[in-house]
Amino acid sequence: MSGQNLTKNEQSLAQENSALRNEISILKEQLALLQEQLDWLKKQVFGRKTEQTSVIMDGGTQLSLFPAEMEQAVSVPEKTITVPEHQRKANHTDDIEKCNIRCAAYPQPMIPHSFCSPELAAHIVYEKFAKAVPLYRQEKDFNSKGVPLLRATMSDWVCIVAEQWCLPVYEKMSVLLIAGNIIHADESVLQVLHEEGRKATTDSRMWVYCNGKMNDRSVIIFEYQQTRGGIHPARFLKGFTGFLICDGYDAYNAVTGTKRCGCWTHTRRYFVEALPKDKFAYSTSVAAKAVNFCDMIYHEEGLLAKLTAEERYKLRLVKVKPLLDAFFLWLDAQNISGKGKLAKAVGYALNEKQYLYTFLDDGNVPIDNNRAENAIRPFAIGRKNWLFNNTERGAKCSAILYSIISTAQANGLDAEKYLTELFSQPTGTILLPWKI
């Protein structure tokens, strides 16, 4: 009856009160759970990480299974013991630290007063001379990785490793090259900004010399010179008495004591440049006829590639020489004059006639100078990126490093790994860049 007498307002308040009590009960449970989690986290951060009973139990006392014994044990007064006095030595912390401190061993820098290591030096040299990455780009790359390495510092390191580690190897390679029977030669333009008595725009030359591709190992030598004069190949090739394969540049006439060989690739190239634009005119074109002759010569020569030198020598006289005879007999009959490309091609072939026959004298002598052109190509590609050398010293060091890296790569070596090994040796060590 009393419930029936409650007003609607009172019923609403009673329901609200009950709901609030339930909510408070739930919140208390949640608060207790959160407090438990908070205590656990505090213990993980600030407490000791141990599960030993003596630590985790309150006061370090282990619970007893016998409360009566525990109570009796607690009531017993503790006994005291008198410990005799004694003296303790003074704690000389500084002396102990001095005795325990040891300097860790560290490798000596390959270049005094620097942090240059063989690995770092090899990487810098490889990036520039094998991958054509200029030093200013390497500087940006190092800076992006948090290494403040200036290009001027790298330039100094490059010259030091070239002069102290690579020069002895370079000189030994040059001696071995001259002692061989076949040398290819070529040269390319190089600009050096600061040379005494010369303008920055004056062209210098980077010469390249390499042995024949049929040798057991490759040797490639770059040499920097200020001019294109014949005095330079004559000096470098002094004492060489084998076959010298080169293009039609007159400077090579200054080289004495060698058997000069012409390049059929150069000969063919001049006629290719003289071809008419209209392909329908090829049937009557002298240039097209000359290119066909060169292609037939190369075809027959290609068939002899896998033969021994003696077999190649004999079959060249039978298969290749008649084609040369027919080509020059036909070319002599052509009446070409003027200053056009065709006249230039015909003049080049006729001027080189005696040298274009020389490869027939030895089965190991190649038909062209492609080996030298391939050897100098990495230098030409790199020149497009770094454009010039700043000093004559830098140009000479570049020649040394191009020689070392090109030879290592031609012999199938990992050039950067080889340089690391070389730079790890004492200066003056001769570690030749080929497999033994």
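The model is predicted. The points below cover helix packing, strand pairing and aromatic rings.

**Helix α6 with helix α17**

- Helix α6 covers residues 118-129, and helix α17 covers residues 415-423.
- Their axes lie 8 Å apart, and the packing angle is about 140°.
- Angles over 145 degrees would count as roughly antiparallel, so α6 is oblique to α17.
- The crossing of these two helices, α6 and α17, is right-handed.

**Helix α6 with helix α7**

- Helix α6 also packs with helix α7, which spans residues 135-144.
- The axes of α6 and α7 come within 10 Å and cross at roughly 130°.
- That angle makes α6 oblique to α7.
- The crossing of α6 and α7 is right-handed.
- From α6, the contact uses Leu-120, His-123, Ile-124, Glu-127 and Lys-128.
- From α7, the contact uses Leu-135, Gln-138 and Phe-142.
- By type, the residues where α6 touches α7 are four nonpolar, two polar and two charged.

**Helix α10 with helix α11**

- Helix α10 (residues 264-273) packs with helix α11 (residues 286-302).
- Their axes come within 8 Å and cross at roughly 155°.
- Angles over 145 degrees count as roughly antiparallel, and α10 and α11 are therefore roughly antiparallel to each other.
- The crossing of α10 and α11 is left-handed.
- On the α10 side, the contact is made by Trp-264, Thr-265, Arg-268, Phe-271 and Val-272.
- On the α11 side, the contact is made by Ala-287, Ala-290, Val-291, Cys-294, Asp-295, Ile-297 and Tyr-298.
- The residues of the α10 and α11 contact divide into nine nonpolar, one polar and two charged.

**Strand β1 and its partners**

- Strand β1 runs over residues 182-194.
- Strand β1 pairs with strand β2 (residues 203-211) through nine bridges, and the two run antiparallel.
- Ser-188 has Met-206 in β2 as its bridge partner.
- Strand β4 (residues 243-245) pairs with β1 in the parallel sense, over three bridges.
- In that strand, β4, Ile-245 stands opposite His-184.
- Strand β6 (residues 389-391) is joined to β1 by two bridges, and these strands run parallel.
- Val-192 has Asn-389 in β6 as its bridge partner.

**Aromatic pairs**

- The structure holds 18 aromatic pairs.
- One of them joins Phe-271 and Phe-327, with ring centres 6.3 Å apart.
- Their planes stand at 85°, and planes over 60 degrees apart count as edge-to-face, so this pair is edge-to-face.
- Phe-271 sits in α10, while Phe-327 sits in helix α12 (residues 309-332).
- The pair links distant parts of the chain, since its members are 56 residues apart.
- Phe-271 is also one of the α10 residues in the contact with α11.

Technical notes. Residues are numbered from 1 along each chain as its sequence is written. This is a predicted model: local features need pLDDT of at least 70, side-chain atom pairs count only at pLDDT 80 or more; totals for chains, interfaces and linings use all residues. Side-chain values use heavy atoms; hydrogens and water are left out. Axes are lines fitted to C-alpha atoms, for helices over the stretch in contact, and angles run from 0 to 180 degrees between N-to-C directions. Helices (H or I, at least four residues) and strands (E, at least two) are DSSP runs, numbered from the N terminus. Angles under 35 degrees count as roughly parallel, over 145 as roughly antiparallel, 65 to 115 as roughly perpendicular and the rest as oblique. A crossing is left-handed if the near helix is turned anticlockwise from the far one by less than a right angle, and right-handed if clockwise. Two strands pair if DSSP finds at least two bridges between them. Contact means heavy atoms within 4.5 Å. Ala, Val, Leu, Ile, Met, Phe, Trp, Tyr, Cys and Pro count as nonpolar, Asp, Glu, Lys and Arg as charged, and the others, Gly among them, as polar. Rings of Phe, Tyr and Trp (its six-membered ring) pair if their centres lie within 6.5 Å; planes under 30 degrees apart count as stacked, over 60 as edge-to-face and the rest as tilted.
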